[in-house]
Amino acid sequence: ALATFVWKFRPLVYNNGQWCSDLLREVIRHCSFTSERIRSQATAFFYTFIKQNFFALNHFGRISIQATMALYTLDNEGELTKDDKYLKRALATLAKYSLYDYGGTSLTLIDRDADTPHQIAMFARWIQGLAITLTK
């Protein structure tokens with residue numbers, strides 16, 4: 001339901017820094033949960049959210065900054081545990097999803113006919129870079 005909401009109202013969500021920031025903060029917090037079910041759903045949503053943002057706006061700038069700020073805020077507020085293995089696992093899964101997409105099978109509702117191979121490759125590389133950056 002949340003992914004549908006974001007897809008339907010993506011210009012509002014992605015162009016409103018506060019909505020984007022608040023949503024990413026909660027999604028990243030859920031990506032670090034010990035419950036595999038919650039973590040996997042949050043990770044799948046996080047990936048879909050990032051991908052929809054990229055194909056709606058054709059850049060990564062805002063989402064990258066918002067994700068980094070959300071992670072920093074969660075860490076400073078003590079929302080993340082010292083054992084960050086669950087968050088690292090979720091971020092590694094983001095990279096796997098991007099490789100799966102790059103391999104030719106889409107995991108999301110975005111029309112692959114509209115995606116150029118260059119865009120998909122650039123997106124996959126960026127997701128992998130983001131996952132590495134956020135795990136540091």
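I began with Glu26 and Arg29, which both lie in helix α3, three residues apart, about one turn of the helix. Helices here are DSSP runs of H or I, at least four residues, numbered from the N terminus. An α-helix has 3.6 residues a turn, so residues three or four places apart point the same way.

This is a predicted model, where local features need pLDDT of at least 70, side-chain atom pairs count only at pLDDT 80 or more, and totals for chains, interfaces and linings use all residues. Residues are numbered from 1 along each chain as its sequence is written, and side-chain values use heavy atoms, with hydrogens and water left out.

I looked up the salt bridges (a side-chain nitrogen of Lys or Arg within 4 Å of a carboxyl oxygen of Asp or Glu). Glu26 and Arg29 form one, at 2.7 Å from N to O. Glu26 also pairs with Arg25, at 3.0 Å between the closest N and O atoms.

I then followed Arg29 to Glu79, where the N to O distance is 4.0 Å. Glu79 sits in the loop between α5 and α6, 50 residues from Arg29. Shared partners join Arg25, Glu26, Arg29, Glu77 and Glu79 into one network.

Next I checked burial (buried is under 20% relative accessible area, exposed over 50%, partly exposed in between, with a 1.4 Å probe and protein chains only). Glu26 is at 28%, so it counts as partly exposed. The buried residues of α3 include Leu24 and Ile28.

Last, I noted the contacts of Leu24 (heavy atoms within 4.5 Å). Leaving out residues up to four places away in sequence, Leu24 touches Phe46, Phe49, Ile63, Gln66, Ala67 and Ala70.

Key:
Helices (H or I, at least four residues) and strands (E, at least two) are DSSP runs, numbered from the N terminus.
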